[in-house]
Every structure is written in structure tokens, then in C-alpha cells.
Amino acid sequence: MATITLPHEAPALNNEEVLRYSRHLIMPEVGMEGQQKLKAARVLCIGTGGLGSPLALYLAAAGVGTLGLVDFDVVDFTNLQRQIIHHTSDVGRPKLQSAQEKIAAINPFVKVVPFETRLTSDNALKIFAGFDIIVDGTDNFPTRFLVNDACVFTGKPNVYGSIFRFEGQASVFAAKDGPCYRCLYPEPPPPGLVPSCAEGGVLGILPGLVGLIQATEAIKLILGAGQPLIGRLLLVDALGMKFRELKLRKNPDCVVCGTHPTVTKLIDYEEFCGLRGQEKPVTTGGVPEISVEELKQRLDAKEDLFILDVREPHEYKICHLNGHLIPLNDLPKRVHELDSNKDKEMVVHCRSGGRSAKAVAFLQQAGFTKARNLVGGVLAWSDRIDPKMPKY
Amino acid sequence: MKALALQSEGPRGSRPERPRPVSGKLVLRISQSDHDLIRREAERSYPHECCGILVGSASGERRAVSLVVPCDNTRSDAPERRYSIDPRQIIDAMKLGRSRGENIVGFYHSHPDHPARYSATDLAEAHWFDCSYVIVGVEQGRAGPTQSFLLAGSEDSKRFEPEEIQIRPANAPNAI
């Protein structure tokens, strides 16, 4: 039975806490001893987003004594579909503040230790030192590798979860005899293979499911109960409502947790992932651009512009600028549709300006020298030109 | 020794055989630790057959294993002589492989108290062309020779071709 060693003395529970946790206390698998272990435990939640929301709420409700929260982001409307620790009234506020308030409302006996900062190689080891279990609720590969490596170096278990569209994964990495994340992914996946939630979408309830699995695993480690997901990758298929698992073995040749590790200190993970990095930020530099203001001006002046929309059909249905739709991935094989407009001023747009920048780079090479990228895309158009245009 | 009845993606299944290049040596590269893992699984499962999936990359005559995924033998009726892997685990392993930019390159199973040589049933039940089938012989609980065979041909005339197992040094890149 895997468990963690809590270095602290068993803290007593006051009468209010006994009442609060009575449904735990009457279970022999938890009891007073188990609840005291929960109160003594210090769990660090990396991220208070989709996974971090249900995780933090349930760990707080269960009576985990100290909850560290790492997040530097601000609540956005698009978060509310799944990040249930944040409410509509929190839009625009730092996520950390929002999360702290909700945790205090659920359980004022929980001590919240906030870290309103990006987790980096410079601060990770110091932050991790004050906690017993790390729960990875991040949404990007550089941070996942950083969390993993820091957990291996500090000897702390890494409760991992990830989500994409309708599927999720969960495991417990970096336990003493089990594999770490790098045993499964020695390197970041090839670029473009794993889109973010913003790019690929995610079923709102899915992080609820996976975040709760992570919370369950954290609690099992604290209590020393059940069989944790060490050496097991749990696969969640929400559409089929199936839970399956694959066995993972600790890799003796793993560069971080193997018998002869070659990575013995934290590295530059942005660079590590940027070498093949789908996380690399898309730059719009280097292609001709046009602002939404200029486009508006020129449309009002009834200039002969050709507008090309490189989003997907389902995005076009949400909102559009009456552009000609050719999704970015189809552009190479459909570029001939634009031949009659080669001499026209062409404005290319997408949702936020990233995909359209790639399209303009391609079109310029294909001889469309008058193609320009609409900076900020339909989001900027909604912000600055037409607030009635829905943002998504 | 029942193998799997699930087709993979890509150009597998019934199709004309691809001509084998002249140099012709079939190689399966695997790390010492993965090789040892398969043999440990074989010993651990004795007297039943163990089985699992090999994930990695392939090019021409060469396959390289980067991840071994042990699976449960679902043949509870005759696990000493037969094995079967849940097709859903195959799909999961394929997805996992894809998330690593790789694919399924083969399978392994063990022969308790039987040579590390494919049987007629092994061949009849194998359908993953251009994949490696690794067999570990286990005598009285101890792993013996490990052999690998590439499934070649087509469903109408298939065969196993012997494949050399090359152990990749621990710190060597996992290139094919």
C-alpha cells in the first residue's frame, strides 16, 4: 500500500472539525487517524483551471490541511465552461484570489498558500520543498516536464492528469518504485500533435472527472489506502463512459529517474519543448499586417478587398466577416480557388491572428504578394470595432 | 497460441507483399532494460503466457522499440497455451504511441515450457503485417532464449521471417 510519510505531528481536530468531517470519521478506512493525516498533509496544486478547480474544491472539502495553489492567470469568460472554482463575477480577477475565496468559503480550516507566479526552474524546487504531494493540473508541456523533474529531484509524488476533447488520462508518477512522466514521454510530442484546449476544445465536464480522479489519488496517498495509480495510466473515455488502463513500467534508462540519470538538475523547459515545441508561441512577425481599424476604414470606403477566412466551418457559424472560407489545413490544395484574386488586396484572418499569419506566409510564397494578416483576428474585431460580434 | 485479430491503421492486412530490399536483414532494436522487462514479465506470468505490446518506430527492415506495454492475457480458459490481448488495449496503446509520434511495432508473448519459436496457431492468428512478434521461451520458470519474427506476406500467404534482436546501449538514441 503506497503512502507518503508526513513529517508533522498529528494535529488535533476541534469539535467543529469533528462535526464537519463526521462522514469520514465513521469510516474505519479513514477514522480520526486518517482525518488527522489529511489535516497534516500539504498538497500543492499546480494550476487552478480546469483540473485544478475540482481538485482544490474537493481537497479543501476533505480537510487537507494545507493547500498550495500556483497560478498567475486571470479569469476569462471562456474558462467558465469548466473551471468551476471561478464564477461569472470573477471574470477579470486573478484566478488565485478567486480560488482562495471559494476554498475559504468551503472550508475555513484549510490553510491556503498562494503562489501567484509562473512555476519556473528557478522557483520550483523551493516551492515544492514545503509540500508532500504535488498535483499537476497544468495545460502545457514545458510545465509538465518541469513538475515531473522537480518531483523526482525532491522525491515527491506527482499526481498527473490531462484532458483533451472527450478523453483524459491520470496516473501517479515519480513514486519511489514507479515510473515518472519521462518514462512515458522521454521527449515532448511532435509539434502540432497535441493541441491545447483553446485549439482543440474540451468537453467541459471532462476536467471535472479527471480532476476528481487526481483528488482521489492524492487522498489515497495521504491515507495510505487503496491501490494508487502508480505504474498505471488510467484512460478515461467520456463518450463511451469507459475507464481502461495501460501498465507503465519504470524505465531503468530514464534520464531523470533511472539508475544512471543524465538530467540531474532542472533545465530550460521552454527551450526543451521549443526544439520540437507545439507550445512555442505563434509569432506574427515577418508577414505583412493590417489592423482591424484599417480594415474597417477600407471596407467603409467600399474598397475592392478580398477577405479570406482560414478558420474551420464550425467557427464560421459562430461569427464571420463575410470572408471566403478555406480552413488553413486545406489551403495548399485549394489555393487555386484564389487565383482570380491574385492582384487584389487580400486580408486574411482567423480567430486571433495566429493561423492567418501562417496562411499569409504560405500565400506570399505562392505569389499572393498583396496578402496581409489581420492582427488579432475576429477577437480584435469584436473588441475594437463591433462588440456585437460574439467572442469565443 | 492465439494472437490478435485486430487490424492496425495504415497499409496492413490483405495487400500485395512489398518487395524486400536486397540488403534484407531484419532487425528489431530494443534497450536492454526493455528486453529484460519482457523476460521478467515472462517469468512472472509462468506457467501462464504473458503478452504485451511494443511501441516504437519502423522503417523498412528495421524496427525500434521505445516502450513496452505489458497487457493482461484475456485467455482465462487456457492461459498456459494461449494468449489474447483485449483489442481496446491495442487501441489505447496505439493512441499512446501516436501521442509520442510513434506506433505499434509489434507484440510479445511467452511460451511456458516450450521453445521460443512460433507455432502454427501463432501464425494463423497473427494479422499485423510488418510488425515484430517477440517470443520468450520459459523453462521451469526461468526465461530462456528470446526470438523475434516479422510477419510478412499477406493474409493469403503469410509467413514469419526471423528477425535479429539488437540490444541498444542504455544511452544511445532510440533511432531506428
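**Entry 1: terms and ground rules**

I began with pairing: two strands pair if DSSP finds at least two bridges between them. I also noted that helices (H or I, at least four residues) and strands (E, at least two) are DSSP runs, numbered from the N terminus.

I am looking at a predicted model, in which local features need pLDDT of at least 70, side-chain atom pairs count only at pLDDT 80 or more, and totals for chains, interfaces and linings use all residues. Residues are numbered from 1 along each chain as its sequence is written, while chains are lettered from A and ligands numbered from 1 in the order in which they are written.

**Entry 2: the parallel sheet of chain A**

With pairing settled, I looked up an open sheet of 5 strands in chain A, with the order 9-13-12-10-11 and parallel pairing. Strand 9 and strand 11 (324-325) of chain A stand at the edges with a single partner strand each, so one side of each has no neighbour in the sheet.

Further in, I followed strand 10 (residues 305-309) of chain A, which pairs in the parallel sense with strand 12 (residues 345-349) of chain A over 5 bridges. On this pair I found A:Leu308 opposite A:Val348 of strand 12.

**Entry 3: A:Ile290**

Where does A:Ile290 sit? I found it in strand 9 (residues 289-290) of chain A. I then checked its burial (a residue is buried if 20 or more other C-beta atoms lie within 10 Å of its own, exposed if 12 or fewer, and partly exposed in between, with C-beta atoms placed from the backbone). A:Ile290 counts as partly exposed because it has 19 C-beta neighbours inside 10 Å.

Next I listed its contacts (two residues are in contact if their C-beta atoms, placed from the backbone, lie within 7 Å). Leaving out residues up to four places away in sequence, A:Ile290 touches A:Leu295, A:Val347, A:Arg372 and A:Leu374. A:Arg372 is 82 residues away from A:Ile290 along the chain, yet their C-alpha atoms are separated by 6.1 Å.

**Entry 4: the mixed sheet of chain A**

I moved on to an open sheet of 8 strands in chain A, with mixed pairing and the order 3-2-1-4-5-6-7-8. Here the edges belong to strand 3 (111-115) and strand 8 (242-247) of chain A; each has a single partner strand, so one side of each is left without a neighbour in the sheet. On average, neighbouring strands of this sheet are turned by 15° against each other, direction ignored. For that angle I noted that axes are lines fitted to C-alpha atoms, for helices over the stretch in contact, and that angles run from 0 to 180 degrees between N-to-C directions.

A:Phe164 stands opposite A:Glu167 of strand 6. To strand 4 of chain A, strand 5 is joined by 3 bridges, and these two run parallel. There I saw that A:Val135 has A:Val159 of strand 5 as its bridge partner. Is strand 5 of chain A mostly covered or mostly open? Mostly covered: 6 of its 7 residues are buried.

I also traced helix 10 (residues 206-223) of chain A, which lies across strand 1 (42-46), strand 4 (133-136), strand 5, strand 6 and strand 7 (232-237). It runs at about 170° to strand 5 of chain A.

**Entry 5: chain A as a whole**

I counted 16 helices and 13 strands in chain A, and 42% of its 392 residues count as buried. Its C-alpha trace spans about 75 × 50 × 40 Å along the principal axes.

An automatic or database domain assignment supplies the domain bounds: domain 1 is 15-274 and domain 2 is 289-384 of chain A. Their centres, taken over C-alpha atoms, are separated by 40 Å.

I checked pLDDT too (the predictor's confidence in each residue, from 0 to 100). Chain A averages 90, and 93% of its residues score at least 70. Residues 275-284 of chain A fall below 50, and this stretch has 22 contacts in the model beyond near neighbours in sequence.

How many helices and strands does chain B have? I found 3 helices and 7 strands, in the pattern β-α-β-β-α-β-α-β-β-β along the sequence. Of its 176 residues, 44% count as buried.

Last, I looked where the chains meet: 14 residues of chain A and 15 residues of chain B take part. On the chain A side, strand 8 gives the most, with 3 residues.
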